[in-house]
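Here is a short briefing to keep beside you while you look around the ligand site and a pair of helices. Take a moment with the view below, then read on.

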Amino acid sequence: MVGQRFISLLEHHPWFEARWLAASDRSAGKKYSEACNWRLRAPMPAAARDLMVQECKPGKAPQLIFSSLDSRVAGEAEKTFAKAGHVVVSNSSNHRMDPDVPLLIPEVNPDHLALVGEQRKQRGWKGMIVTNPNCTTVGLVMSLAPLERAFGLEKVLVTSMQAISGAGYPGVPTLDIMGNVIPFISGEEEKVEREAHKLLGTLAEGRVTQGNFVVSAHCNRVFVEDGHTEAVSVSLRSNADLEDLIEAWRKFRARPQELRLPSAPKHPILVREERDRPQVKFDVESEGGMAAVVGRVRRCPVLQFKYITLSHNTVRGAAGAALLNAELMKSEGYLD
Ligand SMILES: NC(=O)c1ccc[n+]([C@@H]2O[C@H](COP(=O)([O-])OP(=O)(O)OC[C@H]3O[C@@H](n4cnc5c(N)ncnc54)[C@H](OP(=O)(O)O)[C@@H]3O)[C@@H](O)[C@H]2O)c1
């Protein structure tokens with residue numbers, strides 16, 4: 001699912017081009033058009049059709065590798081590529097919490113990229129691994145970052161309604177998900193809680209100090225194709241009104257917008273004012289699927305405020321996130 005998004009997003013990319021592909025033994029030795037069960041609405045890009053899928057080993061691979069490998073194999077494979085000198089920009093969860101691996105959202109913590117220096121020193125690699133967060137964490141943390149900066153975060157409670165494409169291909173069996181809500185996604189709640197602390201933490205002296213707030217996540221799978229919706233409640237450390245939160249989101253701009261990176265959304269956070277938005281059906285493609293769409297902002301009688309955030313799980317939560325990471329790295333001289 002994520003690999004196809006990469007192929008699609010790279011089709012007209014001004015800086016990067018898909019030249020080399022690798023997958024499992026099931027696919028190696030076949031043309032991409034034969035190996036891949038293309039599931040996106042836009043047709044498979046012509047340039048990708050005839051690319052031969054290779055074994056997942058360094059050697060003839062280019063400098064920059066986007067990894068969306070199954071997490072059962074990503075851990076070792078990504079280390080092998082980095083050791084061989086490749087820059088691995090990964091979606092997989094395996095290395096996200098390694099203390100010397102940057103876990104990045106370019107709008108939130110671009111400075112954490114500097115952890116790569118520590119990584120190379122510790123591991124003696126010429127290459128590197130840089131990661132993006134889990135698809136549920138990204139929409140949550142993009143919406144939290146402006147609140148953390150303006151008012152300080154104290155408590156966060158999030159309940160997700162996650163799309164089926166988040167489970168990879170072929171995903172969740174129809175008989176399990178149709179007409180149903182599944183209140184369990186293995187490891188997901190732990191990932192959201194851990195990753196939020198690292199992303200909103202502070203980098204000093206080669207390590208990230210975790211963000212100073214508590215977060216509790218409930219993760220659910222729902223019968224939606226693409227787009228994770230999250231119901232969020234927060235307590236803040238300083239006084240704010242509803243209008244202050246909306247203003248903080250509306251004026252939020254960061255490094256990717258300053259640098260005008262090709263995949264950067266103009267508005268990283270889009271605030272919808274209609275009483276029944278955001279909705280997956282209308283809002284998931286906002287800003288090319290790269291924005292966090294926030295709405296239904298109101299007072300919460302348990303914590304202080306509550307709202308909904310929506311983001312595209314295979315674009316902003318995966319392939320688009322990795323592309324934006326690589327664009328930031330190129331702009332900051334990490335690919336020279
Ligand atoms: N889907 C999302 O929304 C999302 C969001 C964020 C992060 N992620 C993460 O991104 C990764 C990919 O997710 P996905 O949804 O794209 O999964 P997927 O559709 O199941 O794709 C997994 C890919 O891994 C390859 N693979 C499996 N075993 C391999 C092996 N032994 N050697 C080399 N390649 C192997 C598969 O190759 P074949 O094609 O040959 O089978 C396939 O291309 C996962 O780690 C996932 O946790 C996914």
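In this predicted model, a polar backbone atom of Tyr 169 sits 3.0 Å from an oxygen atom of the ligand. Taken by itself, the ligand exposes 900 Å², and the protein buries 77% of that area.

**Backbone contacts with the ligand**
- Val 2 places a backbone N or O atom 2.9 Å from a ligand oxygen atom.
- At Gly 168, a polar backbone atom is 3.4 Å from an oxygen atom of the ligand.

**The shell around the ligand**
- There are 24 residues around the ligand, and those that come nearest are Val 2, Ser 24, Arg 26, Ser 27 and Leu 69.
- Sorted by class, the shell holds nine nonpolar, 12 polar and three charged residues.
- Two helices each supply at least two residues of this shell: helix 4, spanning 71-83, and helix 13, spanning 315-331.

**How helix 1 meets helix 13**
- Helix 1 covers residues 2-10, and its axis comes within 9 Å of the axis of helix 13, with a crossing angle of roughly 50°.
- Because of that angle, helix 1 counts as oblique to helix 13.
- The crossing of helix 1 past helix 13 is right-handed.

Notes. Residues are numbered from 1 along each chain as its sequence is written. This is a predicted model: local features need pLDDT of at least 70, side-chain atom pairs count only at pLDDT 80 or more; totals for chains, interfaces and linings use all residues. Side-chain values use heavy atoms; hydrogens and water are left out. A residue is near a molecule or strand if one of its heavy atoms lies within 4 Å of it. A polar contact is a pair of N or O atoms within 3.5 Å; within protein, one must be able to donate a hydrogen and the other to accept it, and residues adjacent in sequence count only if both atoms are side-chain atoms. Accessible areas come from the Shrake-Rupley method with a 1.4 Å probe; for residues, only the protein chains shown count as cover. Helices (H or I, at least four residues) and strands (E, at least two) are DSSP runs, numbered from the N terminus. Ala, Val, Leu, Ile, Met, Phe, Trp, Tyr, Cys and Pro count as nonpolar, Asp, Glu, Lys and Arg as charged, and the others, Gly among them, as polar. Axes are lines fitted to C-alpha atoms, for helices over the stretch in contact, and angles run from 0 to 180 degrees between N-to-C directions. Angles under 35 degrees count as roughly parallel, over 145 as roughly antiparallel, 65 to 115 as roughly perpendicular and the rest as oblique. A crossing is left-handed if the near helix is turned anticlockwise from the far one by less than a right angle, and right-handed if clockwise.
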